[in-house]
Amino acid sequence: MLIAADKFKGSLTAVQVAERVTAGLRRVVPDLTVEALPVADGGDGTVDAAVAAGFERREVRVAGPLGEEVTAAFALRGRTAVVEMAEASGLQRLPAGVFAPLTASTYGSGELLRAALDAGARTIVFGVGGSATTDGGAGMLSALGARFWNEGGEPVSPGGGGLADLARADLSGLDPRLSSVELVLASDVDNPLTGPKGAPAVYGPQKGASPDDVETLDAALAHFAKVLEAEAGPRAAEYAASPGAGAAGGIGYGALLLGARFRPGIEVMLDVLGFAPALERASLVITGEGSLDEQTLHGKAPAGVAAAARAAGKEVVAVCGRLALPTQALERAGIRQAYPLTSVEPDVARCIAEAGPILEDVAERIARDRLV
């Protein structure tokens, strides 16, 4: 039995999901052999998933999205590091109810990458998602040695809004170690940097951006790419239009400028976490996340787990807080059946507040359906 589920956002971490499912299964089959491999798709929870798989947790002090110092973590095993931009620049780093769509910066994410380089990493999996920022990765690039000036020769203000004043960019000071490191941009988002499907238009409102802010940010990021084209050549324009450039407020664009290779986040993480050998040992796979919905089918962790399991001929069921997919869509994704918390407790508020015990009850039902 393999449990490879993502977090139930706002209720349970991926590790806690695995613990609760294991407890429920063992109520029915006490001696059941269970292997837990908490998974993530590159967004928040990615470092925790890596640590659960045997990576070492490393903590460093970096700048949060508003410039305040925060303690952020990355994961390290041998020469491979897993860096999660949300640890430094995520929405969870903002005070409750506070958004800063024009001024939030990814500087701390660059500091995290630098810490991974300092730790000797030769391969860096850079998981992006859950960001508070829309700065095109300018803050991250600054932390790694790039320089961005306005007409007066002063550094531009932090955040995407400040990029409207950008007059000149210099990438010559970027950390030279970046040229000899394999940098993998892990994301479930394939948006370009700007335009109707770009970072500001699609994700800006989630970060508190008004319609006027979205317009400002889109123009500022387009200007950013134009100035960088003068500095870095045509590739800067090509990267702006590339899939993944718009990930996490455009930090994907900055990562592509650093030479990153874009890959779907869950595929990268399954490789890094050692999913293939665990799958080989499993007779049944349980995946899941807080909400199984249309987004799940577009690169989220359960879809990636199910696709890999189906290719290996393994049966997959899913647990979730809320189910918003028809049976046919689940089957197309490779999920035989989904077990939502709401099938045990119809009250959604209670499902969120008491997710752990209810998930154990759901897992008990899976054991009775599938194992006895």
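How much of the accessible surface of the chain belongs to carbon and sulfur atoms? Of about 14900 Å², 50% does (Shrake-Rupley method, 1.4 Å probe). This is a predicted model, in which local features need pLDDT of at least 70, side-chain atom pairs count only at pLDDT 80 or more, and totals for chains, interfaces and linings use all residues. Residues are numbered from 1 along each chain as its sequence is written, and side-chain values use heavy atoms, leaving out hydrogens and water.

**Overall form**
- The C-alpha trace spans about 75 × 45 × 35 Å along its principal axes.
- The radius of gyration of the chain is 21 Å, which agrees with the value near 21 Å for a compact globule of 372 residues (C-alpha atoms; 2.2 Å times the number of residues to the power 0.38).

**Burial, contacts and charge**
- Of the 372 residues, 55% count as buried (under 20% relative accessible area, 1.4 Å probe, protein chains only).
- Among contacts (heavy atoms within 4.5 Å) between residues at least 6 apart in sequence, 71% join residues at least 24 apart.
- The chain carries 33 positive and 46 negative side chains, with the centres of the two sets 5 Å apart (Lys and Arg against Asp and Glu).

**Secondary structure and sheet**
- The chain holds 15 helices and 13 strands (DSSP runs of at least four and at least two residues, respectively).
- An open sheet of 5 strands runs in the order E2-E1-E11-E12-E13 with parallel pairing (at least two DSSP bridges between two strands).
- Its edge strands, E2 (35–36) and E13 (337–340), each pair on one side only.
- Strand E1 (residues 2–3) pairs with strand E11 (residues 284–292) over 2 bridges in the parallel sense, and Ile3 stands opposite Ile286 in E11.

Key:
Buried < 20%, exposed > 50% of the residue type's maximum accessible area, 1.4 Å probe, protein only. Charge placed at Lys NZ, Arg CZ, Asp CG, Glu CD.
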